[in-house]
Amino acid sequence: MEHRHGGDIYAEDLTAEPLDFSASINPLGMPESVRQAALQALSGCVHYPDPQCRRLRQTIAAREGVAPGQVFCGNGAADVLYRLLLALQPKQILLPAPTFSEYEQAAALAGSTIVRFPLREEDGFAISEAFWDAVTPETDLVIVCNPNNPTGQATPKWLVKKGMERCRAVGARLLVDECFHDFLDEPERIAMTDCVPENRHLILLRSFTKMYAMPGIRLGYCLSADTELLEQLYDMGAPWSVSVLAQACGVAAAQDTAFPVQTRKYIAKQRQQLRDGLQELGFTVLPGQANYLLCHMDGVPELVQQLRERGILIRCCDTFAGLDGSWFRIAVRTEAEQFVLLQTLRQLKGFI
């Protein structure tokens with residue numbers, strides 16, 4: 001079975017835990033508030049979890065300024081994505097390329113046809129107004145990742161709102177994946193939360209995984225004013241999909257608003273240091289705004305293997321439609337980890 005994502009630290013050829021730059025997780029780790037919530041929730045694991053995630057949805061709703069009925073929680077954002085597509089059953093989905101490959105996997109399961117809109121390398125793979133011109137009456141669903149994965153490019157809110165109106169005009173749904181938006185320097189400038197109550201065709205996909213460093217716990221959610229759709233999602237997968245631990249950690253994370261502020265300051269500094277270091281070594285680096293960078297060079301598969309042999313993982317982007325084996329994505333990590341990476345790259349490129 002081919003692994004299409006980063007973060008696979010369990011492979012047989014890895015004899016020790018690697019330095020993982022392939023998964024874009026908060027380098028500051030899990031906040032203490034979430035860790036303590038997990039520990040305290042262990043005693044509650046003798047019971048089934050709340051199948052409707054009542055307290056968690058209430059806490060998220062209070063944080064986001066929406067009604068609890070406009071929140072659905074799942075076993076990671078991927079679980080929510082798959083449920084959404086199974087519920088919507090869109091015949092035709094419009095996607096930019098490149099973007100997160102899991103959209104196509106979920107579309108295949110739902111029997112949907114994908115229409116790809118190629119983004120231009122000379123524009124830094126940014127989404128432009130031309131993308132929304134590709135929304136036609138045949139389009140049932142548009143999925144936009146903001147900031148986009150793997151490019152790290154953020155689409156301005158005014159442009160997403162223009163697309164939202166275009167979708168409304170033709171009767172299409174718009175799913176905006178904002179799982180990385182809270183790593184941006186000013187996430188409020190692109191977040192579409194305030195548009196949710198008045199736009200039933202808009203769905204926002206969010207995750208606690210990345211910011212709160214809890215990918216092993218699995219917790220994602222979506223926001224929508226279409227409460228009938230959200231009710232359908234409970235029937236699109238197994239019950240009790242959000243564990244007691246995940247619900248407790250989610251409540252703690254939703255209440256811990258100081259941690260993302262601390263993270264954003266740290267990420268901004270380390271992102272610039274990583275970009276500068278990679279450019280000094282001759283890599284082409286896109287000016288990403290999230291907690292990862294998209295880079296270009298010839299011979300990426302060989303570089304991936306050389307780093308892997310030295311216990312360092314990066315993500316080759318040949319599984320992203322619109323990219324090939326000359327692109328790789330690299331996560332922003334701690335200053336110490338990035339020093340090790342850059343020193344290793346200097347050795348491999350013959351600088352030391």
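This is a short exchange on how terms are applied to a predicted model.

Trainee: What are the ground rules for this predicted model?

Mentor: Local features need pLDDT of at least 70, side-chain atom pairs count only at pLDDT 80 or more, and totals for chains, interfaces and linings use all residues. Residues are numbered from 1 along each chain as its sequence is written, and side-chain values use heavy atoms, with hydrogens and water left out.

Trainee: What makes Cys45 partly exposed, and what is Cys295, buried or exposed?

Mentor: Buried means under 20% relative accessible area, exposed over 50%, partly exposed in between (1.4 Å probe, protein chains only). Cys45 has 40%, so the label is partly exposed. Cys295 has 0%, so Cys295 is buried.

Trainee: How do you know that E5 and E6 pair?

Mentor: Two strands pair if DSSP finds at least two bridges between them. Strands (E, at least two residues) and helices (H or I, at least four) are DSSP runs, numbered from the N terminus. E5 (residues 141-145) and E6 (residues 173-177) share 5 bridges, in the parallel sense. Val142 stands opposite Leu174 in E6. E3 (residues 92-97) also pairs with E5 in the parallel sense, over 2 bridges. Ile93 has Leu141 as its bridge partner there.

Trainee: Why do E2 and E4 stand at the edges?

Mentor: The open, mixed sheet has 7 strands in the order E2-E8-E7-E6-E5-E3-E4. E2 (71-74) and E4 (113-118) each have a single partner strand, so one side of each lacks a neighbour in the sheet.

Trainee: What makes the crossover from E5 to E6 right-handed?

Mentor: The test: with the strands pointing away from the viewer, the path from the first strand over the helix to the second runs clockwise. The chain goes from E5 through H6 to E6, and this β-α-β crossover is right-handed.

Trainee: Which faces of E5 are covered?

Mentor: Both. Leu141, Ile143 and Cys145 are buried on one side, Val142 and Val144 on the other.

Trainee: Why is Thr263 called buried?

Mentor: Its relative accessible area is 1%, so Thr263 is buried. Thr263 lies in helix H9 (residues 258-280). Contact means heavy atoms within 4.5 Å. Leaving aside neighbours within four places in sequence, Thr263 is in contact with Asn26, Leu28, Phe183 and Met211.
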